[in-house]
Amino acid sequence: MASQSRRGGISLPDRRGRGSSKQEPNILAKINNSQIVSKGKQAACDAVFVAKKLLKSTGKAAWIAGTSFLILAVPLIIEMDREQQLTELELQQQSLLGAPPVGLPPPM
């Protein structure tokens with residue numbers, strides 16, 4: 001009952017070249033297996049590896065620089081701003097009390 005296992009339709013012939021080990025490789029296979037392509041692939045892999053390492057180390061350096069800025073520079077900026085505000089407040093209070101401005105020399 002082998003005839004019942006195939007149900008209608010047409011059967012296509014096998015593709016040429018399948019199963020024959022003596023077939024000559026096509027042009028794409030020749031190009032893919034060429035030495036210059038393999039060297040190019042190796043160079044591309046090496047470039048990707050170096051780029052990943054560079055990005056990783058650059059990220060670490062950026063993290064260190066950013067953290068150092070936050071720890072050292074931001075408090076300094078805040079303190080300088082506070083000092084400036086206090087100086088302005090003192091000048092404003094002195095002008096309300098009628099004292100001469102600090103920057104001018106006393107009249108003679």
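Which residues does the UniProt annotation "transmembrane region" cover? According to that unreviewed entry, the annotation covers residues 61-78. The structure discussed here is a predicted model.

**Overall makeup**

The secondary structure of the protein consists of two helices and zero strands. Of its 108 residues, 1% count as buried. The protein exposes about 10800 Å², and carbon and sulfur atoms supply 63% of that area.

**Helix H2 and the annotated segment**

Helix H2 spans residues 35-97 and includes Leu70. Across residues 61-78, the chain is 100% helix and 0% strand. The extents of the helix and of the annotated segment are listed below.

| Element | Extent between end C-alpha atoms |
|---|---|
| H2, 63 residues | 90 Å |
| Residues 61-78 | 25 Å |

For H2, the extent is close to the 93 Å expected at 1.5 Å a residue. After H2 comes Gly98, which has a positive phi, near 90°.

**Surface around Leu70**

Is Leu70 buried or exposed? Leu70 counts as exposed because its relative accessibility is 56%, and the cut-off for exposed is over 50%. Leu70 also belongs to a nonpolar patch on the surface, together with Phe69, Ile71, Leu72 and Ile77. The accessible area of these residues together is about 560 Å².

Note on methods: Residues are numbered from 1 along each chain as its sequence is written. This is a predicted model: local features need pLDDT of at least 70, side-chain atom pairs count only at pLDDT 80 or more; totals for chains, interfaces and linings use all residues. Side-chain values use heavy atoms; hydrogens and water are left out. UniProt positions are given in the numbering used here, feature names are shortened, and annotations may be inferred rather than shown by experiment. Helices (H or I, at least four residues) and strands (E, at least two) are DSSP runs, numbered from the N terminus. Patches are made of residues with over 30% relative accessible area and no salt bridge: like charges are joined within 9 Å, nonpolar side chains (Val, Leu, Ile, Met, Phe, Trp, Tyr) within 5 Å. Accessible areas come from the Shrake-Rupley method with a 1.4 Å probe; for residues, only the protein chains shown count as cover. A salt bridge is a side-chain nitrogen of Lys or Arg within 4 Å of a carboxyl oxygen of Asp or Glu. Buried means under 20% relative accessible area, exposed over 50%, partly exposed in between (1.4 Å probe, protein chains only). The expected span of a helix is 1.5 Å times one less than its number of residues.
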